[in-house]
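I opened this notebook page to keep a record of what I looked up in the structure, going from the whole chain down to single side-chain pairs.

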Amino acid sequence: MSRAILPLAAMEKLLKKVGAERVSDPAKVTLREELEKISDSICEKAVRFSKHSKRKTIKPEDIRLAVK
């Protein structure tokens with residue numbers, strides 16, 4: 001099993017927010033997996049930026065830079 005962090009209910013809410021009427025369970029799982037891959041990458045970059053700045057604390061600007 002994966003180390004899922006994001007709840008499936010949140011995936012359904014995201015999809016419905018943009019217009020989906022119904023969402024299958026496999027679609028929720030797939031969205032969660034893909035979002036977690038993207039977030040892992042962003043988090044790793046943000047940590048590198050904070051360490052480069054000789055900080056232990058991740059700041060909003062680290063996240064913004066990591067997303068670019």
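The entries below take the overall fold to begin with, then the surface and charges, and then the salt bridges.

Entry, fold. I noted at the outset that this is a predicted model. I counted three helices and zero strands in the protein chain, and reading from the N terminus I wrote the order down as α-α-α.

Entry, dimensions. I looked up the radius of gyration and found 15 Å for the protein chain, whereas a compact globule of 68 residues would have a value near 11 Å. Along the principal axes, the C-alpha atoms fill a box of roughly 45 × 30 × 15 Å. I also checked the contacts between residues at least 6 apart in sequence, and of these 32% join residues at least 24 apart.

Entry, surface and charge. I found that buried residues make up 13% of the 68 residues. The accessible surface comes to about 5,700 Å², and 60% of that surface belongs to carbon and sulfur atoms. For the charges I recorded 17 positive and 10 negative ones, with their mean positions 7 Å apart.

Entry, salt bridges. How many salt bridges does the structure hold? I found five, and I followed up some of them individually.

In the pair Glu12 and Lys16, the side chains meet in a salt bridge with an N to O distance of 3.3 Å. These two residues lie four apart in helix 1 (residues 8-17), so they are separated by about one helical turn. Glu12 is partly exposed at a relative accessible area of 23%, and Lys16 is likewise partly exposed at 40%.

In helix 2 (residues 25-52) I looked at Asp25 and Lys28, which are three residues apart and therefore separated by about one helical turn. Their side chains meet in a salt bridge at 3.2 Å, N to O. Lys28 is buried, with a relative accessible area of 10%, and I noted that this value falls under the 20% cut-off for the buried class.

Is each partner of the bridge between Arg55 and Asp62 buried or partly exposed? I found the closest N and O atoms of this pair 2.9 Å apart. Arg55 counts as partly exposed at 21% relative accessibility, while Asp62 counts as buried at 2%.

I then asked which residues are joined through shared partners, and found that such salt bridges link Glu12, Lys16, Asp25 and Lys28 into one network.

Conventions
Residues are numbered from 1 along each chain as its sequence is written. This is a predicted model: local features need pLDDT of at least 70, side-chain atom pairs count only at pLDDT 80 or more; totals for chains, interfaces and linings use all residues. Side-chain values use heavy atoms; hydrogens and water are left out. The radius of gyration is taken over C-alpha atoms; the globule rule is 2.2 Å times the number of residues to the power 0.38. Buried means under 20% relative accessible area, exposed over 50%, partly exposed in between (1.4 Å probe, protein chains only). Contact means heavy atoms within 4.5 Å. Accessible areas come from the Shrake-Rupley method with a 1.4 Å probe; for residues, only the protein chains shown count as cover. Lys and Arg count as positive and Asp and Glu as negative; His and the chain ends are not counted. The place of a charge is taken as NZ of Lys, CZ of Arg, CG of Asp or CD of Glu. A salt bridge is a side-chain nitrogen of Lys or Arg within 4 Å of a carboxyl oxygen of Asp or Glu.
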